[in-house]
Amino acid sequence: MRLRRLVLGALLAVLGAMASASPRYDYLLHCGGCHLENGSGAPPEVPDLRADLDTIVAIPEGRAYLAQVPGASQAPFTDAQLAAVLNWILATFNPELGEFQRYTAEEIAGYRGRTLMNPLKYREEIWDAAAAARGTAGY
């Protein structure tokens, strides 16, 4: 019986390690609670990740913002994991992006050191700036 528990525990640990290597798994575990499995969120409080991210990542402030929001910057991810999750979000929920400049661990490390004092206000400013750059309505 004890051997069975040890083998089962080891198997679960291996499966957990394999799953945590997946950006989709990390998204579901750490982001999906608010943004939901399909990225739809609950606008306006929780943004819909399927809308406007193509515009946001097109400007430097928006690109930084995605890595600096508290849910992302304070998630228990390494910089490489957070980069992988953000890249997965962009590719999965914004297929119209096609090829895009992927986040790197080094880029994430530079962004994570800056805390957003008022993320909601900053989000509105970023959305407005991105919309203005694109020539569309704001947040």
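Contact is taken here to mean heavy atoms within 4.5 Å, and helices (H or I, at least four residues) and strands (E, at least two) are DSSP runs, numbered from the N terminus. The structure is a predicted model, in which local features need pLDDT of at least 70 and side-chain atom pairs count only at pLDDT 80 or more, while totals for chains, interfaces and linings use all residues. Residues are numbered from 1 along each chain as its sequence is written, and side-chain values use heavy atoms, with hydrogens and water left out.

The protein chain holds 9 helices and 0 strands, and its elements, read from the N terminus, follow the order α-α-α-α-α-α-α-α-α. Of the 139 residues in the protein chain, 38% are buried, where buried means under 20% relative accessible area, exposed over 50%, and partly exposed in between (1.4 Å probe, protein chains only). Among the contacts in the protein chain with a separation of 6 or more, 58% are accounted for by residues 24 or more positions apart.

Helix α7 (79–93) has 15 residues, which at 1.5 Å a residue should span 21 Å, and this agrees with its end C-alpha atoms, which are 21 Å apart; the expected span is 1.5 Å times one less than the number of residues. The buried residues of α7 are L82, A83, V85, L86, N87, W88, I89, L90 and F93, and they pack against α2 (23–30), α4 (53–56), α5, α6 and α8.

Two packed helices are described by the angle between their axes and the distance between the axes. The axes are lines fitted to C-alpha atoms, for helices over the stretch in contact, and the angles run from 0 to 180 degrees between N-to-C directions. Angles under 35 degrees count as roughly parallel, over 145 as roughly antiparallel, 65 to 115 as roughly perpendicular and the rest as oblique. For α7 and α8, the packing angle is about 105° and the axes are 8 Å apart, which makes α7 roughly perpendicular to α8. In this pair, D79, A80, L82, A83 and L86 of α7 meet A105, I108, A109 and R112 of α8. By class, the contact of α7 with α8 comprises 7 nonpolar, no polar and 2 charged residues, with Ala, Val, Leu, Ile, Met, Phe, Trp, Tyr, Cys and Pro counted as nonpolar, Asp, Glu, Lys and Arg as charged, and the others, Gly among them, as polar.

Helix α7 also packs with α2, at an angle of about 95° and with the axes 9 Å apart, and the two helices are therefore roughly perpendicular to each other. Here P23, R24, D26 and Y27 in α2 meet Q81, A84, V85, W88, I89 and F93 in α7, and the contact of α2 with α7 has 7 nonpolar, 1 polar and 2 charged residues by class.

In helix α8, which covers residues 105–112, the buried residues include E107, I108, Y111 and R112. When α8 is seen down its axis, its buried residues fall within an arc of 130°, so they line one face of the helix; the arc is that of the directions from the helix axis to the C-beta atoms. An α-helix has 3.6 residues a turn, so residues three or four places apart point the same way. The buried residues of α8 pack against α5 (60–68), α6 (70–73) and α7. Within α5 lies Q68, which is buried at a relative accessible area of 5%. Apart from its neighbours within four places in sequence, Q68 is in contact with S73, Y111, R114 and L116.

Helix α6 contains G71, which counts as exposed at 52% relative accessibility. The C-alpha atoms of G71 and C31 are separated by 7.3 Å, with the two residues lying 40 residues apart along the chain.

The loop between α3 (32–35) and α4 contains P44, and the peptide bond from P43 to P44 is cis, with omega near 5°. P44 is partly exposed, with a relative accessible area of 46%, and its C-alpha atom lies 9.9 Å from that of L120, although P44 and L120 are 76 residues apart in sequence. L36 is also placed in the loop between α3 and α4; although L36 is not a glycine, it has a positive phi of about 70°, and its relative accessible area of 35% makes L36 partly exposed.
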